[in-house]
Amino acid sequence: WGGFSINNATLNRFFSLHFIFPFLIIMLVLIHLFFLHSTGSMNPLGTNSNFNKIPFNFYFTIKDILGFNWMMLMFIIIILQYPYIFSDPDNFTPANPMITPIHIQPEWYFLFAYAILRSIPNKLGGVIALMSSIMIFYMIPFLKTMKMNSSQFYFPNQLLYWMFLNIFILLTWLGAQSIEFPFTFISQLMSILYFLYFFMNIPLFMFWEKIIFMNYNNLK
């Protein structure tokens, strides 16, 4: 830890983190399912919909069991038949603690954050941007100011969302590319647009709400 090369202390810490992390995810999934079945999955108008609800058993129980069985079936097929389908060929190269690989990269689901990390020349700034790119999602519920619970009535935000999705996919692709021009320049541009989405989304919600309710008041 802090030495010239990776040793047992570092490996033990990362192993402990990877062992505990799945249990934390399971806990969050259970909390999510509890609130999902308590409040419902979709209520765009934000009104009381208790009179539209049906008993949890046996309707949703059967649906959940069916979905769980399909997920386990795909999981078992991948594990037993195609265990290396998501692996990288570099994982089979014997590790050498004295030599850093020419191009290291995380798993595909962290490539977007890795691209943001590499796009900033300053090491500390890159780490802050990487952490911010993930933690900013946890801030969204606290920044919610819209009166309706869905983007169904916010057309500009829908366009902005699909643009953000394309930016996310591009960052994922850029995270797997070499650190050279033009990939570094495009990564910097996409990183700026990535964070710009979160700064533009809430004001756009508020602006569009003013237009909607202004037209509603004029009709009255």
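**Entry 1: aromatic pairs.** I started with the rings and found 16 aromatic pairs in the structure. A reminder to myself: this is a predicted model.

I looked up Phe-112 and Phe-168. Their ring centres are 4.6 Å apart and their planes meet at 35 degrees, so I noted the pair as tilted. That angle falls between the cut-offs, since stacked needs under 30 degrees and edge-to-face needs over 60. This pair joins distant parts of the chain: Phe-112 belongs to helix H3 (residues 111–119) and Phe-168 to helix H5 (residues 155–174), 56 residues apart.

**Entry 2: buried or exposed?** I checked both partners. Phe-112 has a relative accessible area of 7%, so I put it down as buried, because buried means under 20%. Phe-168 comes out at 26%, so it is partly exposed.

**Entry 3: another pair.** Next I turned to Tyr-194 and Phe-195. Their rings are edge-to-face, with 5.3 Å from centre to centre and 80 degrees between the planes. Both Tyr-194 and Phe-195 are buried.

I then followed the ring pairs along and found that they link a cluster, including Phe-112, Phe-168, Tyr-194 and Phe-195. Phe-137, Phe-164, Tyr-197 and Phe-198 belong to this cluster too.

**Entry 4: the core.** Which residues touch the most other members of the largest nonpolar core? Among its 18 residues, they are Ile-116, Leu-171, Tyr-194 and Phe-198. H3, helix H4 (123–143), H5 and helix H6 (183–219) each give at least two residues to this core. H6 supplies the largest share, six residues.

**Entry 5: back to Tyr-194.** I set aside its neighbours within four places in sequence and listed the contacts of Tyr-194; among them are Phe-112, Ile-116, Ser-133, Phe-168 and Leu-171.

Terms used: Residues are numbered from 1 along each chain as its sequence is written. This is a predicted model: local features need pLDDT of at least 70, side-chain atom pairs count only at pLDDT 80 or more; totals for chains, interfaces and linings use all residues. Side-chain values use heavy atoms; hydrogens and water are left out. Rings of Phe, Tyr and Trp (its six-membered ring) pair if their centres lie within 6.5 Å; planes under 30 degrees apart count as stacked, over 60 as edge-to-face and the rest as tilted. Helices (H or I, at least four residues) and strands (E, at least two) are DSSP runs, numbered from the N terminus. Buried means under 20% relative accessible area, exposed over 50%, partly exposed in between (1.4 Å probe, protein chains only). A nonpolar core is a set of buried Ala, Val, Leu, Ile, Met, Phe, Trp, Tyr and Cys residues joined through side-chain atoms within 4.5 Å. Contact means heavy atoms within 4.5 Å.
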